[in-house]
Amino acid sequence: MKLFNVLGLDLKILIAQFINFAIFFFVLYKFAYKPILKFLDERKDKIEKGLEDAEKAGQKLLSIENEEKEIIERATSEAKKSAKEIIERATKAGEDKREAIVLKTKEELKDIVKKEKEDIELEKNKAIKEIKTQTAELIAESLKKILEEKIDDKKDMEIIKKSLDIK
């Protein structure tokens, strides 16, 4: 007690202050510290949950991106395959059409050549016949001049044509 008196402290006041501090600490702990601690725990849980959700969303996004890449690669591959098939079909169709045109052209050329040969043969026969007719007429004229006597024009032509084998 002497010590308290030497220091100028009153034991009763000190005990009262200690009790007041304990009550204040209890009230503060009960009504302020616990709700704040609870709020901070809830906030911490929300942040952790948010981080987990963000990580899951990131993984899901990465998974979706990988799926999209696979889909794009598959679609690109299928498109290339389809384009290649279309080009092959178009090339084959073009080759078939070219061959058909060549065959048709060859047939047309054969027909033209055949027709021209026939025309040439007709012209040749016509020319030969005309030459024979003119020759017969020349011979008839020549004989007429030589013989100075004419039997009959019609009979002369028959004799000459018969000798030249003209029908």
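The legends below describe close-up views of a predicted model.

**View 1. A patch of negative charge on the surface.**
The patch brings together D41, E42, D45, E48, E52 and E55. One of these residues, D45, belongs to helix 2, which covers residues 11-147. D45 has a relative accessible area of 47% and is therefore partly exposed.

**View 2. The salt bridge between D53 and K49.**
Four salt bridges are found in a search of the whole structure. In one of them, the side chains of D53 and K49 meet at 3.4 Å, N to O. Both residues are in helix 2, where four residues, or about one turn of the helix, lie between their positions. D53 is classed as partly exposed because its relative accessibility is 37%.

**View 3. The salt bridge between D96 and K92.**
Side chains of opposite charge can pair when their charged atoms come close. Here the side chains of D96 and K92 form a salt bridge with an N to O distance of 3.5 Å. The two residues are separated by about one helical turn, because they stand four residues apart in helix 2. D96, with a relative accessible area of 39%, is partly exposed. K92 has 53% relative accessibility and so counts as exposed, the cut-off for that class being over 50%.

**View 4. The salt bridge between D119 and K115.**
The closest N and O atoms of D119 and K115 are 3.6 Å apart. Helix 2 holds both D119 and K115, four residues apart, which is about one turn of the helix. At 29% relative accessibility, D119 is partly exposed.

**View 5. The aromatic pair F21 and F25.**
The count of aromatic pairs comes to two. In the pair of F21 and F25, the ring centres are 6.4 Å apart and the planes lie at 25 degrees, so the rings are stacked; planes under 30 degrees apart count as stacked. F21 and F25 are both part of helix 2 and are four residues apart, about one turn of the helix. F21 is exposed, with 52% relative accessible area, whereas F25 is partly exposed at 49%.

**View 6. The aromatic pair Y29 and Y33.**
The rings of Y29 and Y33 are stacked because their planes are at 25 degrees, with centres 5.6 Å apart. Y29 and Y33 also lie in helix 2, at positions four residues apart, about one turn of the helix. Y29 is partly exposed, its relative accessible area being 38%. Y33 is likewise partly exposed, with a value of 45%.

Methods: Residues are numbered from 1 along each chain as its sequence is written. This is a predicted model: local features need pLDDT of at least 70, side-chain atom pairs count only at pLDDT 80 or more; totals for chains, interfaces and linings use all residues. Side-chain values use heavy atoms; hydrogens and water are left out. Patches are made of residues with over 30% relative accessible area and no salt bridge: like charges are joined within 9 Å, nonpolar side chains (Val, Leu, Ile, Met, Phe, Trp, Tyr) within 5 Å. Accessible areas come from the Shrake-Rupley method with a 1.4 Å probe; for residues, only the protein chains shown count as cover. Lys and Arg count as positive and Asp and Glu as negative; His and the chain ends are not counted. The place of a charge is taken as NZ of Lys, CZ of Arg, CG of Asp or CD of Glu. Buried means under 20% relative accessible area, exposed over 50%, partly exposed in between (1.4 Å probe, protein chains only). Rings of Phe, Tyr and Trp (its six-membered ring) pair if their centres lie within 6.5 Å; planes under 30 degrees apart count as stacked, over 60 as edge-to-face and the rest as tilted.
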